[in-house]
Amino acid sequence: MNSVLKAASYVLVHAPDMVLQNGTTQTTEMVVNPDSEYLKTLPGHLRSYDQVVAYAPNQTYIGNMTPDELGQLAQPWTDKPVAGATRQGKYGEIMPQDEFLLLFQACDMFDLVHLERDFVARTRPAFDAHPLMDEYIKSRVMEGVDREQILRFVNEEGAEGIYHQGQLAGYIKRAHDVDVNLSAHVMMENMASKASAVLALKHLIRVSGVDAGQIDYVIECSEEACGDMNQRGGGNFAKSIAEIAGLSGATGCDVRGFCAAPAHALVSAASLVKSGTFKNVAVVAGGSTAKLGMNGKDHVRKGMQVLEDVLGGFAALISANDGINPEIDLGIVGRHTVGTGASPQAVITSLVLSPLEQAGMKIQDIDKYAAELQNPDITKPAGAGDVPLANFKMIGALAVKSGELARDGLNGFIAKHGMVGWAPTQGHIPSGAPYLGFARQDLLDGKIRKAMIVGKGSLFLGRMTNQFDGISFVLRANSGDDRKQREAIGKEEVRSMIAEALRAFAASLDV
Amino acid sequence: MDLENQKRVKELAELHGPENILVILGAAEGEAAGIAAETVTAGDPTYAGPLTGVQLGLSVYHVCEDAIKSELDPTVYDEQIGMMEMVLDVDDIVNEMTAIREQYSKY
């Protein structure tokens, strides 16, 4: 029996100071060109928290707007704040930076993160009032340290400063004197990824309604690596996230594959559940500080606000078939193999057309496609175009080439089977995953019958291979077979109980 | 353009001589193609990579331009690029590429 997509959650963390301090575009510039005009003007291009909350793609990410509603707004969306926008959404929330820093510290198990005492005191009431911050997490937030200690560690001990509103609010120290894999910079990246993943996982527990103890496996699928000089990517983010989120009955591991990792992780999760090895598998990923302000130079040059100012996180729960939630159909899994080739045409054929043909289906049999869902407000000014639109054009063009669609039907195909993008450019975050929550709802509501999630990854960035990568799978409305089967079993059991009672009654009459 | 690719282009131009190098781009839109073309001709316009201030003036084309397309086996082109050609705004790309070549290409 296929597994089902039981829930999905989405979180954003507003991180303006991390844009300046930790985004690699900025840290590279600080090394190469420390007096550059870009670094001087950048702070003036950062958005406020309220602007980030009111930004339509962000409201869509946390589930307060649907992709269709977003698509009805004319682009760009930067000058169209959503009236009545809220921090909390159907699927998650947009957390402000100060509260996140307390969660960040709470996620540190090695006494590496220390926040300034007054900053903690100021932020703590809001943090403590957060409905998902349980007693365990709250108890992990420390009182904080003096400013002198922060300055000493930052100036003399190789610690990285942690900033809020341009002011030093704490530090994260290196976890080893020599090992670059445990440097303060790497610990900062990993801790931010872990903490935002914890937030996503806490929201997953909330939206799914499952008991945290029932989740028995966690697959983490970000693009960070944790380990030391003897095992640089040793892992296991998954278990460290599960620990803070209170999943005492879970084990887990990390899956990597650049931007395709979430799709690989979801297929793995579905397989683990379908095989019966685990019943409830959570797939989770936190955000990337490195990618904050990645296209900042283009945004600043064009007089825009820097839109890559949020960490993204998501989580999805894959569970045993309940006869209700949408199934992950493992009979239709597209794969980019070693022999596929790297041309966009070969990639999209392998991920979309080939698996459908093998299943006797056509491209138009899938109601909605979700490939890379990057927000075009971010990518278009940076010269990368509208990525989702390009993907849907490619899928449509493939339908034209395979003869199932007339060439003049291309635009209609895109409108019907595609969607606009709303995800922050956080690498693994845009790759299909942001649609899971909406897909589940639309499948439950009967608005669509089948959706294809397509993950794509650029492996060449690791310099181990020039291979491209990708994997895809189909979500479809639950066939209900499993429920019928269980109901049938139930009826059979009742019949046998009645028969047993009647036999006992008959036996009593014999006396 | 990726800093590593800038380095490779620079090294190849030094090794073989800039007059013997032809750069073929596959960028998905005009502006991106233009920036990459400018990088290998007039130097890195973002002032970030090894080609900053280096005016290689290389010969540069997009793969969808007729000059390149006509050199390729039509079957292979259709198999590898036909779909993308349908998707891309080829006219915009050609205009960008032509403008950059006219302005900066030395070969």
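A: The domain assignment divides chain A into domain 1 (4–319) and domain 2 (327–485). The model is a predicted one. Taken over C-alpha atoms, the centres of domain 1 of chain A and domain 2 of chain A are separated by 26 Å. Across the boundary, 52 residues of domain 1 of chain A are in contact with 44 residues of domain 2 of chain A.

On the side of domain 1 of chain A that touches domain 2 of chain A, at least two residues each are supplied by strand 1 (4–14), helix 5 (56–61), helix 6 (67–72), helix 13 (261–274), helix 14 (296–301) and strand 9 (310–319) of chain A. Helix 13 of chain A gives the most to this side, with nine residues. By class, this side of domain 1 of chain A holds 31 nonpolar, 15 polar and six charged residues.

The largest nonpolar core has 180 residues, of which L201(A), V218(A), I241(A), V283(A) and I318(A) touch the most other members. Helix 11 of chain A provides the largest share of this core, 15 residues. Because domain 1 and domain 2 of chain A both give residues to this core, it lies between them. In soluble globular proteins, nonpolar side chains tend to be buried together.

Apart from neighbours within four places in sequence, I241(A) is in contact with K194(A), A197(A), V198(A), L201(A), V218(A), E220(A) and V284(A).

Attention now turns to a pair of helices in chain A. Two packed helices are described by the angle between their axes and the distance between the axes. Helix 15 of chain A and helix 17 of chain A pack at an angle of about 80 degrees, and their axes are 10 Å apart. Since angles of 65 to 115 degrees count as roughly perpendicular, helix 15 of chain A and helix 17 of chain A are roughly perpendicular to each other. At this crossing, P344(A), I348(A), T349(A), V352(A) and L353(A) of helix 15 meet M394(A), I395(A) and L398(A) of helix 17. The residues of this contact comprise seven nonpolar, one polar and no charged.

The contact between the chains takes 16 residues from chain A and 15 residues from chain B. Helix 15 (344–358) and helix 17 (387–401) of chain A each supply at least two residues of the side of chain A that touches chain B. Helix 17 of chain A gives the most to that side, with seven residues. The side of chain A that touches chain B has eight nonpolar, five polar and three charged residues.

Within chain B, eight of the ten residues of helix 2 (residues 30–39) are buried, so this helix is largely enclosed by the rest of the structure. The buried residues of helix 2 of chain B are G30(B), A33(B), G34(B), I35(B), A36(B), A37(B), E38(B) and T39(B). Their cover includes helix 1 (3–16), strand 1 (22–25), strand 2 (59–62) and helix 6 (90–104) of chain B.

Notes
Residues are numbered from 1 along each chain as its sequence is written. Chains are lettered from A and ligands numbered from 1 in the order in which they are written. This is a predicted model: local features need pLDDT of at least 70, side-chain atom pairs count only at pLDDT 80 or more; totals for chains, interfaces and linings use all residues. Two residues are in contact if their C-beta atoms, placed from the backbone, lie within 7 Å. Helices (H or I, at least four residues) and strands (E, at least two) are DSSP runs, numbered from the N terminus. Ala, Val, Leu, Ile, Met, Phe, Trp, Tyr, Cys and Pro count as nonpolar, Asp, Glu, Lys and Arg as charged, and the others, Gly among them, as polar. A nonpolar core is a set of buried Ala, Val, Leu, Ile, Met, Phe, Trp, Tyr and Cys residues joined through C-beta atoms within 7 Å. A residue is buried if 20 or more other C-beta atoms lie within 10 Å of its own, exposed if 12 or fewer, and partly exposed in between; C-beta atoms are placed from the backbone. Domain bounds come from an automatic or database domain assignment. Axes are lines fitted to C-alpha atoms, for helices over the stretch in contact, and angles run from 0 to 180 degrees between N-to-C directions. Angles under 35 degrees count as roughly parallel, over 145 as roughly antiparallel, 65 to 115 as roughly perpendicular and the rest as oblique.
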